[in-house]
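Here is a short note to read with the model open. Please follow each point in the viewer as you go.

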Amino acid sequence: MSHRPRSGLAAVSSALLAMSRHLEVRDVLKTIVASARELLDAQYAALGVPDDHGGFAQFVVDGVSEEQWKAIGPLPRQHGILAAMLHEARAERLADVRKDPRFEGWPKAHPDLVDFLGLPIRDGDEVIGALFLANKNCERPEGGCGFTEDDEELLGILAQHAAIALTNARLYERSRELTIAEERSRLAHELHDAVSQKLFSLRLTAQAAAALIDRDPARAKGELHQVAALAAEAADELRAAVVELRPAALDEDGLVATLRTQIQVLDRAHSARVTFAGRGVKALPASQEEAVLRVAQEALHNALRHSGADHVDVTLDRRGVGAVLRVTDDGSGFDPSAVRRAGRHLGLVSMRDRTNGAGGTLTVESAPGKGTTIEMEVPGG
């Protein structure tokens, strides 16, 4: 590799950095394919991730338009050269793929491939993908392949790093799935404990109103008012649950945009005025951004459900390389010294746990009749 021009080494470095920058599997696959095609100056590049049924779970191409790709049809099966790379786990460099005895043709709309370079992507002994290029943009030697031994060596380096990036992305997605499952389980318990109880009370109160409607209309009217109040509380519980079940993707939108969107939804859904301001906050480590979002959701839920506030103000400000979240309401407040009771009632234990897990600090200021301010600071990274 020492004889390659400096620009080539810079291109390799850029490709490896690009691969490590993404966490979503699909984004990693696209970056690998685009980087390989650009580095080796090929017309076409593709990467297939096998499934357990003789096909491909994912197949990403570069150099083919969306219209061409749609015209080609379904994802390929594992056959011919693709199968050889997946099952024999060795490189394939061919002057004309069409003349190889393993060649089995391709769909009518498929581009015409000639010289070919392919490599398996391996995680230890497991082949987790196949990366291949076709139609080198160069003068081909008589009867030879446009791709060289140096190209094969370079693609091998790229494949090794692709394996690391793809494995990391899979682990990230698995971790996120587990986090989502845990959140859904927690919400299911909350719905059972809160909304189910509300609906049970609603049913009993409606039955009481029905029994009183003839003999004591005044009492029946009071019971019906209670039915309306319980229905409104149950609706508030469900709104809060829906907002939590559908958080915006922090990776795509960022913390500030995610908070702003959720607060706009809450402002429309509740009678209280809910506002948000974000000032100068830079991207935080993923675990800290998620913790800030969840603490904000919990504090907002408390303010809108329990405090009777007319106004709830949320701010997110930069502090050094970190950030400070502040949720302030003008509601009924409470006595912070009654830690055990308040902690259970307002989810303070959960908020402190999330804050501690992100390496931050949480402070609570409140007094009966004076409103509440929840402040969370995270260090950044």
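1. **Burial and overall make-up.** A residue counts as buried when its relative accessible area is under 20%, as exposed when it is over 50%, and as partly exposed in between. By that cut-off, buried residues make up 41% of the 381 residues in the protein chain. Please keep in mind that this is a predicted model. The secondary structure of the chain comes to 10 helices and 10 strands.

2. **Helix α8 on its own.** Helix α8 covers residues 286-306. At 1.5 Å a residue, its 21 residues should span 30 Å, and the end C-alpha atoms of α8 are 30 Å apart, so the two values agree. Is α8 enclosed by the rest of the structure, or is it open? Of its 21 residues, 15 are buried, so α8 is largely enclosed. Just after α8 comes glycine 308, with a positive phi of about 70°.4. **How α8 packs on α10.** The partner helix, α10, covers residues 348-357. The two helices pack at an angle of about 165°, with their axes 9 Å apart. Angles over 145 degrees count as roughly antiparallel, and α8 and α10 are therefore roughly antiparallel to each other. The crossing of α8 over α10 is left-handed. Which residues meet here? From α8 come Ala291, Arg294, Val295, Glu298, Ala299 and Asn302. From α10 come Ser350, Met351, Arg354 and Thr355. By class, this contact holds four nonpolar, three polar and three charged residues. An α-helix has 3.6 residues a turn, so residues three or four places apart point the same way. That helps when reading the numbering of the contact residues.

3. Helix α2 has 16 residues. From first C-alpha to last it reaches 23 Å, close to the 22 Å expected at 1.5 Å a residue. Its buried residues are Val25, Val28, Leu29, Thr31, Ile32, Val33, Ser35, Ala36, Leu39 and Leu40. Just after α2, aspartate 41 takes a positive phi of about 55°, although aspartate 41 is not a glycine. It lies in the loop between α2 (25-40) and β1 (42-50). Aspartate 41 is partly exposed, with a relative accessible area of 38%. Asparagine 135 also deserves a look. Its phi is positive, about 60°, and asparagine 135 is not a glycine either. This residue is found in strand β5 (residues 126-136). Is asparagine 135 buried or exposed? With a relative accessible area of 6%, asparagine 135 is buried.

4. **Phenylalanine 132.** Strand β5 also holds phenylalanine 132. At 10% relative accessibility, phenylalanine 132 counts as buried. Which residues does it touch, not counting those up to four places away in sequence? They are Tyr44, Ala45, Ala46, Phe59, Leu82, Met85, Phe116, Leu117 and Gly118. One of them, alanine 45, is 87 residues away along the chain, yet the two C-alpha atoms are separated by 5.8 Å.

5. **Glutamate 152.** Glutamate 152 is found in helix α5 (residues 149-212). It is partly exposed, with a relative accessible area of 27%. Leaving aside neighbours within four places in sequence, glutamate 152 is in contact with Ala91, Arg93, Leu117 and Leu119. Arginine 93 is 59 residues from glutamate 152 in sequence. Their C-alpha atoms are 7.8 Å apart in space. Leu117 is listed here and also among the contacts of phenylalanine 132.

6. **Alanine 323.** Strand β8 (residues 322-329) is the place of alanine 323. At 2% relative accessibility, alanine 323 counts as buried. Its contacts, again leaving aside neighbours within four places in sequence, are Val281, Leu284, Leu316, Asp317, Arg318, Met376, Glu377 and Val378. How many residues separate alanine 323 and proline 379 in sequence? They are 56 residues apart in sequence and 6.8 Å apart in space, C-alpha to C-alpha.

How values were computed: Residues numbered from 1 in each chain as written. Predicted model: local features only at pLDDT ≥ 70, side-chain atom pairs only at ≥ 80, totals over all residues. Heavy atoms only, no water. Axes fitted to C-alpha atoms, helices over the stretch in contact; angles between N-to-C directions. Helix = DSSP H or I, 4+ residues; strand = E, 2+ residues; numbered from the N terminus. Parallel < 35°, antiparallel > 145°, perpendicular 65-115°, else oblique. Left-handed = near helix turned anticlockwise from the far one by under 90°. Contact = heavy atoms within 4.5 Å. Nonpolar A, V, L, I, M, F, W, Y, C, P; charged D, E, K, R; others polar. Expected span 1.5 Å × (residues − 1). Buried < 20%, exposed > 50% of the residue type's maximum accessible area, 1.4 Å probe, protein only.
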